[in-house]
Amino acid sequence: MATRGLEVTRSIREGIASGDYSPGSRMNESELAARLGVSRTPVRGALSVLAVEGLLEYTPNSGYRVRSFGSGDIQNVYAVRANLEGLVARQAAMNGLSDHARGTAHRIIDETAALVSMQSWSDAVRASWEKLNHEFHEVLRDAAQNEYLVQMIRRTDEIPFFGLIRFQWYDAQYMRGAHEEHIEILDAIINRQAGRAEALETEHVYRSGRRLARQWQMIEERKKPQSGATAIGM
């Protein structure tokens, strides 16, 4: 039962991330159970878990609905994040990288280059890329030596829907482009070019947000004719 519950939770979570369950749509236990081929018990548990994660909203006598989150929200999140990350790069360049930080950054670049050279995309490659991408930006944040700034960036990671879909549509081509941008950002920081580092990092994050917003907007457009529906099974 525990395994079944985890499977149902994962299935619904993935459906939310892909837009199968539109923002604002009602999550009917009976229809979900029929759709997933399970009883209502694991569905009920899954909805409770996803509500705790912030992906669903619960209203007494009405039940669960998918939390509203649109392409405009993504654009707003990234407008903030791009400027914050740009400031991180500026301060990292002004402070300079320690020998340890520089070695870590070059190791990340080399490992990412190996992923890019595979010219393929899979769940395993995606997981490795996400890890390396996170490590790269953590090196810059540590070098910025500004915990208040880092805390503000991490607050954007805590937005439930943003965290769920952030890496949803990455692919090998995007990874290659991001890798090349990382190389340029690191070069600017190593050479203490604060203005260039800030501009490159700001644009790097902005492009990521623009890609994500466009993908989510396509889902919104696809769902428009059915916007009046209130239940799943759209």
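Is Glu135 buried or exposed at 18% relative accessibility? Glu135 counts as buried at that value, where buried denotes under 20% relative accessible area, exposed over 50% and partly exposed in between (1.4 Å probe, protein chains only). The model is predicted, so local features need pLDDT of at least 70 and side-chain atom pairs count only at pLDDT 80 or more, while totals for chains, interfaces and linings use all residues. Residues are numbered from 1 along each chain as its sequence is written, and side-chain values use heavy atoms, with hydrogens and water left out.

**View A. Salt bridge between Arg107 and Glu135.** The closest N and O atoms of this pair are 3.0 Å apart; a salt bridge is a side-chain nitrogen of Lys or Arg within 4 Å of a carboxyl oxygen of Asp or Glu. Arg107 belongs to helix 5 (residues 99–117) and Glu135 to helix 6, so the contact ties together parts 28 residues apart in sequence. Helices (H or I, at least four residues) are DSSP runs numbered from the N terminus. Arg107 is partly exposed, with a relative accessible area of 34%.

**View B. Salt bridge between Arg141 and Glu85.** Their closest N and O atoms lie 2.5 Å apart. The pair links distant parts of the chain, with Arg141 in helix 6 (residues 123–144) and Glu85 in helix 4 (residues 71–95), 56 residues apart. Arg141 is buried at 5% relative accessibility, and Glu85 is buried at 3%.

**View C. Salt bridge between Glu138 and Arg141.** The closest N and O atoms are 2.8 Å apart. Both residues lie in helix 6, three residues apart, about one turn of the helix. Salt bridges that share partners join Arg81, Glu85, Glu138, Arg141, Arg154 and Asp157 into one network.

Note on methods:
Helices (H or I, at least four residues) and strands (E, at least two) are DSSP runs, numbered from the N terminus.
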